[in-house]
Every structure is written in C-alpha cells, then in structure tokens.
Amino acid sequence: MNGTPGSITSGTSNGTSNGKGPSGHASRAAAAAGEGRSCFDPKHETLELGALRALQLERLRGMVTAAYERSAVYRRMCREAGAAPADMRTLDDVRRLPFLEKTTLRDTYPDGLRLCGLDAIIEVHSTSGTTGKPTPIWVTRRDMDAWALRNARSLWMVGLRPSDLLQNCFGYGLPTSVGLQYGAQHAGIGVVPAGIGRQELLIDLIMDLRVTALCTTPSYALYLAEKAKERGIDLATDSQLRIGLFGAEPWPESGRERLAAALGVEAFNEYGMGELLGPGMACECPVRDGMHVWSDHLLVECIDPETCEPVAEGQPGELVWTSLTSDSMAMIRYRSHDISSLSWAPCACGRTHPRIGRITGRSDDALSIGGLVVFPSQIEEVLVRFDEFGSNFCMVVENVSNLDRLTLQVEIRGFDELSDDGKARLAKTLAGGVKATVGVTPRMELHAPLSLPRDTDGQGKTACHRVDDRRSC
Ligand code: ZN
C-alpha cells in the first residue's frame with residue numbers, strides 16, 4: 001500500500017489478499033470500485049490535528065454542559081469535585097472532572113446518568129461480564145446512527161466492501177456487539193447475525209454462504225477452526241474467509257499469525273466497551289500499528305492507575321473514556337481499567353485520530369502471586385509461542401502452607417500421541433518460558449484439546465476461565 005488516505009478508498013487492496021484462489025479478489029475489487037459509495041470519511045478521519053482537538057473541545061463543552069444540566073447525579077458529582085462546565089477551557093481541563101467507575105453505574109442504577117426521557121430511547125443494551133446487576137445502556141436514534149457510522153468506518157477501514165458477507169459471531173441479546181451489524185448495514189455490507197453456540201451451524205454458514213469476513217473473539221475463532229478441523233474442514237484453505245475482526249478479549253501480537261493460519265484471514269484488532277456502546281470505539285487500520293480511536297466522538301486519556309495522572313505518550317497506562325457525542329448517557333471520564341498506551345504520532349495510513357496499543361491487561365485484573373504482579377495476557381504471550389499449545393489455559397492460584405502456588409492448566413495439541421516423557425519435557429519447557437517472563441515457576445498440568453471449561457457467559461468470552469483464584473475461598 002502506498003500509505004495515503006486515498007489508497008484506503010480504492011477497492012480491496014491494502015494487503016488484504018490472502019491468496020485464496022482467483023474467485024474473490026478481482027471481482028470484489030471491481031465491485032468496490034464501481035459502487036461509488038465509501039464509508040471512508042477523510043473530512044473527519046484525516047482532520048488536521050489542531051482542528052480535531054478544537055472539535056473535541058467544542059464537543060466536550062457541549063457534553064459536560066448537557067450532563068450537568070440533565071443529570072442530578074452527575075451535577076452532584078461535579079459539585080463534589082469542585083468542577084463545572086464553564087471550567088472546560090482546554091482539553092486538559094477534562095482532568096478537573098470526576099471519574100466514573102463501574103460502581104458509579106451500579107450506584108445510580110438504572111438511570112441516574114441518563115440524559116433524556118424514555119420517549120427518546122429506541123434501544124436499551126446492557127453491560128455484562130461483571131458480578132451484580134447488569135447496567136443498562138440507553139440509546140437514542142442519534143446515538144444509534146453515530147454508533148452505526150463508527151462501526152461502518154471500522155469495517156471499511158479493514159477492507160470490507162458491500163460485496164463481502166460478514167458473519168457476526170459475537171453474542172446477540174443484550175450485549176452490544178450488534179453495533180457491528182448496524183455498522184455493516186450502514187456500509188451496505190451483508191451480515192449473517194450468527195451469534196455464538198451451535199458451532200456446527202456456524203461452520204456450515206461460513207462454508208455454504210461463502211462468508212468472507214468474521215468478527216468474534218480470537219479464542220472463539222480458534223475454537224471454530226478446531227471444530228471445523230474435526231469435520232475435515234480447514235477454514236484456512238477451504239473457506240472464502242479473508243478478513244477477521246477480533247475483539248472483546250485481549251490477544252497478543254503473535255495471535256495474528258495464529259488466526260491467519262487457522263482461518264486464512266488478515267486479522268485486525270478492534271476495541272469497544274459495553275458501557276460506551278461496545279464495538280466502534282477503536283480499530284486497527286491496514287498499517288496495523290495500534291487502533292485508531294474515533295476521536296470526533298470519543299476522548300481518550302491514558303493515566304497511571306495509581307496516581308490518576310496522565311502517563312507520557314506511548315507509556316503503559318489505563319484508558320479513560322469520554323463520549324463526546326452521546327445523546328442519552330453521561331459517560332464522561334469512565335475508567336476502563338484496561339491497560340494500553342496512547343499515541344498521537346502520525347500514522348502511515350493518513351488518519352490523524354490517535355492510536356491505542358493492544359490491551360495488555362487490566363489494572364483490576366492483575367494477580368499478585370508471591371508478591372509478583374502477573375497478567376493472564378503475559379502467560380498467553382508465552383504459551384502461543386509453542387506449536388503444541390491448544391487454545392485454552394487456566395491459571396489456578398492457591399495458598400498452600402501460606403505460600404502462593406500457581407498451577408497452569410494448558411490444552412496441548414496432539415496430547416494423546418505424546419509419551420509420558422514427552423509430556424514431562426514439554427511441561428518443563430513451558431514452565432521455564434513462564435518463569436523467564438513473569439518470574440513465577442508454575443506447576444504444569446497438560447490437558448487434551450477442548451477439555452478445559454469454555455465460555456458460558458453467552459458472549460464467547462473466555463477471560464473468566466483464564467483465572468481460578470482459590471485463595472479467597
Ligand atoms: Zn492508520
């Protein structure tokens with residue numbers, strides 16, 4: 001690719017060819033060139049930095065004013081923090097405003113942060129994956145349109161065009177991944193709203209409908225590929241899949257090759273939080289060096305989770321999100337607890353919107369084992385380097401005689417064919433790799449493929465199974 005924004009609009013180039021036979025690419029490129037419609041929006045996506053920051057400030061003022069006037073809860077929080085809408089003179093003044101936490105949403109359940117009457121609401125979603133009551137996320141027509149537009153931008157950016165067929169294998173129902181469907185439809189891209197579960201059907205749909213793109217969690221995508229293999233189908237070579245959009249759980253850079261090998265797709269990373277309507281917040285461009293945050297709609301900060309002060313550009317910190325255009329909710333300075341980094345450096349694709357790095361952990365998810373801080377993502381980063389690693393693992397943490405003990409349960413490809421000696425050698429090698437990275441030597445338990453517990457939360461998330469902390473029991 002030549003690295004100019006214009007190149008993004010021209011057909012299905014951008015390195016998305018995966019060499020899967022002649023059928024698709026020429027015709028798809030021709031169709032894209034001829035259809036005359038683009039969801040690439042240079043006016044906003046390549047807006048000069050100063051103008052982008054000015055637009056953000058103008059929208060921040062409007063957002064804070066609306067929240068202050070319409071939500072008694074938010075007004076009280078601002079007063080307690082000694083902040084008011086008139087204080088927003090520069091973007092840095094956002095730091096005067098109070099943080100919102102998940103507990104804020106729970107404390108104001110169900111509608112303390114809602115900014116409009118029910119007559120304006122057209123959909124209600126809900127966050128998931130937490131204990132306690134789910135948090136309703138209210139959506140107006142205007143929110144819905146902006147949400148669809150942001151998702152359409154992301155899908156267009158990674159190379160999807162109206163001649164593609166996208167299978168959405170995120171959970172349907174209250175979770176917010178339906179935003180990808182709205183985005184695809186906004187862009188004129190066909191969608192198979194498949195959801196998750198019934199994997200035989202999902203595989204049939206991919207094959208029989210000649211699905212070209214898949215969005216789901218990386219672990220569920222690998223799981224589907226394994227299940228297909230059991231039926232003698234290699235999704236990498238036998239399907240028409242060419243693009244994969246993966247999110248909802250962190251995945252390491254090394255996962256890109258794994259996903260490509262298992263599914264035959266160019267793998268892109270996307271980011272969303274249910275509290276801010278989920279997908280459509282940030283996504284990789286064809287350069288694939290960080291995820292562009294759609295910054296005409298969102299303001300992102302990267303802070304030290306301990307001091308809450310901003311970290312230097314490019315340094316690891318916690319992402320804090322402000323919706324600049326929400327019609328219905330005061331989502332201002334919401335702490336994600338996702339650890340990432342933020343860069344305003346120019347991107348070769350020409351977009352000016354800042355990029356966040358891949359999520360490397362959660363500030364509230366870190367495990368302290370024997371005094372060392374360990375993230376599940378660090379363990380995964382080690383395991384995926386080994387061909388023998390299946391697609392699932394679990395960290396079991398116990399307290400034995402007042403000492404923390406980490407047991408790593410790992411699914412191993414070809415488990416049944418391995419001799420006892422082979423298993424012992426492999427366990428030792430894996431343990432050594434983990435020790436070298438996180439400083440803790442785990443006890444190893446090797447398991448057959450697909451034998452560890454999998455997602456049951458309805459969304460394809462497996463993160464809840466990555467940690468089994470038994471110390472508090
Ligand atoms: Zn870019």
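The model is predicted, so local features need pLDDT of at least 70 and side-chain atom pairs count only at pLDDT 80 or more, while totals for chains, interfaces and linings use all residues. Residues are numbered from 1 along each chain as its sequence is written, and side-chain values use heavy atoms, with hydrogens and water left out. The protein has 15 helices and 21 strands. Helices (H or I, at least four residues) and strands (E, at least two) are DSSP runs, numbered from the N terminus. Of the 473 residues, 56% count as buried. Buried means under 20% relative accessible area, exposed over 50%, and partly exposed in between (1.4 Å probe, protein chains only).

**Nonpolar cores**

- A nonpolar core is a set of buried Ala, Val, Leu, Ile, Met, Phe, Trp, Tyr and Cys residues joined through side-chain atoms within 4.5 Å.
- The largest such core has 52 residues. Y74, L97, Y271, W321 and I356 have the most contacts inside it.
- Helix α4 (residues 49–70) gives this core its largest share, seven residues.
- Another core lies apart from it, with 27 residues, including L202 and L259.
- In soluble globular proteins, nonpolar side chains tend to be buried together.

**Contacts**

- Contact means heavy atoms within 4.5 Å.
- Leaving aside neighbours within four places in sequence, L97 is in contact with V64, Y74, C78, A83, M88, I332 and R333.
- Among contacts between residues at least 6 apart in sequence, 66% join residues at least 24 apart.

- Two strands pair if DSSP finds at least two bridges between them.
- β6 (residues 243–246) pairs with β7 (residues 266–273) in the parallel sense, over four bridges. In β7, F246 has N269 as its bridge partner, and I243 has E266.
- β5 and β6 also pair in the parallel sense over four bridges. The bridge partner of C215 in β6 is L245.
- Both faces of β6 are covered. I243 and L245 are buried on one side, G244 and F246 on the other.

**Helix packing**

- Axes are lines fitted to C-alpha atoms, for helices over the stretch in contact, and angles run from 0 to 180 degrees between N-to-C directions.
- α4 and helix α5 (residues 72–81) pack at about 110°, with axes 5 Å apart.
- These two helices are therefore roughly perpendicular to each other; that label covers angles of 65 to 115 degrees.
- A67, Y68, E69 and R70 of α4 meet A72, Y74, R75, C78 and R79 of α5.
- Helix α13 (residues 376–383) is mostly covered, with six of its eight residues buried. Those six are P376, S377, I379, E380, V382 and L383.

**A buried loop residue**

- D296 lies in the loop between β9 (291–293) and β10 (298–303).
- D296 counts as buried because its relative accessibility is 2%.
- Not counting residues up to four places away in sequence, D296 touches H44, L52, L55, R59, R153, L324, T325 and H353.

How values were computed
Parallel < 35°, antiparallel > 145°, perpendicular 65-115°, else oblique.
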